[in-house]
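Colleague: I am new to this structure and would like a close look at a single part of it. Please set that part in the context of the whole chain.

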Amino acid sequence: MITVHPENFSVKQIARSGQCFRMNEIDTGVFQVTAFGKRLSLIQEQDCGPVTFCCGREEYDNLWKQYFDLDTDYRYYIDRIDPKDQYLSKAVQTGGGIRILRQELWETMVSFIISQNNNIPRIKSCIEKLCLLCGKRHTEDAGKCPEGQNIWHEFPRPEDLLSEEDLAPVKLGYRAKYITSLAQNVVNGTVSLKELSAMEPGNAEKYLKSIYGIGAKVAACIQLFSLHHLESFPIDTWIKQIITAEYDGKFPVEIYSGFAGVIQQYIFYYARERQEGNCA
């Protein structure tokens, strides 16, 4: 196990931020995340306190340290927030432990296609059903896991999601055809994940929006949460409402050039927590 003490790092806030759908608090202060064909347990008893990664040093250094973006100083972004912006100042007080994850591209693309016109609980449910139905199954030593947690499934690969009929039990609706089309195009080489990963932000945006079923909002989420294009600023219904109510219809993205996506996450998280009555 590896224990780290990074500043501005809350596993709970990240798990609730809407950027990742396979990260859950399974007990008070105990979290599990499944990514890149691995499942990790983390322990953080105090928000933004020390975090214990239940893995070896090599796995932490080669995967999870980068996944959680732990080499980045998020205080740099927080210190550049306009102090006159009362809404954003409150938002960062609530969600200042959020970091932008570096997620696997294929999983992020499928996950945010599923997110269209959907809410977070249902998105999570659909993705878990999809993994259970089509993902590779793993069984861990029951003695190392909480009761009922020793069996888990990887996220399905493109070759697992080629048939719309096979996805029917997940009840994805119109999104199923977008996913199977994407899977087919990845398998036959029409869509290159490798090329997309190496693209500059402007080219990546055009490439993503050229894919069947991916519009501006989904493209921006993929850029931010997988390609780590921090200038991407996804605008969904929540963000539109906030911009209208708090910023007279225009958020000053230019102030946060190069890291507007980090600011978007603070705003989104704060709005969600307020709606659920978790903050003022």
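Colleague: Which residues of helix H2 are buried, and what covers them?

Modeller: The model is a predicted one. First, the setting. The protein has 280 residues, and its radius of gyration of 19 Å agrees with the value near 19 Å that a compact globule of that length would have. Its C-alpha atoms fill a box of roughly 50 × 45 × 35 Å along the principal axes. The secondary structure consists of 12 helices and 7 strands, and 54% of the residues count as buried. Among contacts with a separation of 6 or more, 67% join residues 24 or more positions apart.

Now the helix. H2 covers residues 57–67, and its buried residues are Tyr 60, Leu 63, Trp 64 and Tyr 67. These four span an arc of only 125° around the axis, which means that they lie on the same side of H2. The face turned away from that buried side carries Glu 58, Asn 62 and Gln 66, which are exposed; exposed here stands for over 50% relative accessible area, and buried for under 20%.

The cover over the buried residues includes several strands. Among them are S1 (2–4) and S2 (23–27), as well as S3 (30–35), S4 (38–43) and S5 (51–53). Just after the helix, Asp 69 takes a positive phi of about 55°.

In short, H2 has Tyr 60, Leu 63, Trp 64 and Tyr 67 as its buried residues, with strands S1 to S5 included in what covers them, while Glu 58, Asn 62 and Gln 66 are exposed on the face turned away.

Key: Residues are numbered from 1 along each chain as its sequence is written. This is a predicted model: local features need pLDDT of at least 70, side-chain atom pairs count only at pLDDT 80 or more; totals for chains, interfaces and linings use all residues. Side-chain values use heavy atoms; hydrogens and water are left out. Helices (H or I, at least four residues) and strands (E, at least two) are DSSP runs, numbered from the N terminus. The radius of gyration is taken over C-alpha atoms; the globule rule is 2.2 Å times the number of residues to the power 0.38. Buried means under 20% relative accessible area, exposed over 50%, partly exposed in between (1.4 Å probe, protein chains only). Contact means heavy atoms within 4.5 Å. The arc is that of the directions from the helix axis to the C-beta atoms.
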